[in-house]
Amino acid sequence: LFRSEDCDLIDNDCSGTPDDDQACHNDCRAHVYDGHTYQFCERDRRWGESQNDCNNFGDNGLYVLVTINDEAENSEMNRFARTIDSGRSWWIGLTDSGGGNEGNFRWESGSSSTYTNWNTAGGEPNNQGDEDCAEIRGDGRWNDFECSEDRYYICEEVE
């Protein structure tokens, strides 16, 4: 019985090499934390494009832009992102876009997580210039930013 490779740092097809056979996008790096698999994608994409990339990732499209549930996960996402590019901001799956949603941020995954890490000292979220999408910055704090801007992004495998 042949098993196809998944992008999860495991040698699913028993070839001797994890994540071979084009299982991973060449510009995304798999990272496992607390039993979850994440993809850190080094591609400049708008928030919606990032969301679509995550939704189409892998064989089954079982990824979404990352939902950050607590301080430990936020710290790990930021730590790993900094090992890839210390100067970048990365899209996360939080948005208040859509009619009547201004100021009511929700996770793209549908999660009910209430954890936030806004840069409140900097007045975030502030919707300056119609900013509806969230990014994690180099200090681990979040900022709302224009969804039409390009950022790297973090996908998370859904269960």
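1. Contact here means heavy atoms within 4.5 Å, and the model to which this is applied is a predicted one. Leaving aside neighbours within four places in sequence, glutamate 156 is in contact with His36, Thr37, Tyr38, Leu62, Tyr63, Val64, Val66, Thr67 and Glu73.

2. Glutamate 156, which lies in strand E8 (residues 151-157), is buried yet has no salt bridge, the nearest side chain of opposite charge being that of arginine 79, 15 Å away. A polar atom of the glutamate 156 side chain does, however, lie 3.1 Å from the backbone nitrogen of threonine 67.

3. Arginine 79 itself meets glutamate 76 in a salt bridge (2.8 Å, N to O), and both residues lie in helix H2 (residues 71-84), three residues apart, about one turn of the helix. Arginine 79 counts as partly exposed at 41% relative accessibility, whereas glutamate 76 is buried at 14%.

4. Strand E8 also holds arginine 151, whose side chain forms a salt bridge with glutamate 135 (2.6 Å, N to O); the pair links distant parts of the chain, with glutamate 135 in strand E6 (residues 133-136), 16 residues apart from arginine 151. Glutamate 135 is buried, with a relative accessible area of 0%, and arginine 151 is buried with 16%.

5. Strands E1 (residues 28-33) and E2 (residues 36-45) pair in the antiparallel sense over six bridges, with valine 32 standing opposite threonine 37. In their hairpin, which has two residues between the strands, aspartate 34 takes a positive phi near 50 degrees. Glutamate 42 and arginine 29 meet in a salt bridge (3.0 Å, N to O); glutamate 42 lies in E2 and arginine 29 in E1, so the pair ties together parts 13 residues apart in sequence.

Definitions and conventions. Residues numbered from 1 in each chain as written. Predicted model: local features only at pLDDT ≥ 70, side-chain atom pairs only at ≥ 80, totals over all residues. Heavy atoms only, no water. Pairing = 2+ DSSP bridges. Helix = DSSP H or I, 4+ residues; strand = E, 2+ residues; numbered from the N terminus. Buried < 20%, exposed > 50% of the residue type's maximum accessible area, 1.4 Å probe, protein only. Lys, Arg positive; Asp, Glu negative; His and termini not counted. Salt bridge = Lys/Arg side-chain N within 4 Å of Asp/Glu carboxyl O. Polar contact = N/O pair within 3.5 Å; in protein donor to acceptor, adjacent residues only side chain to side chain.
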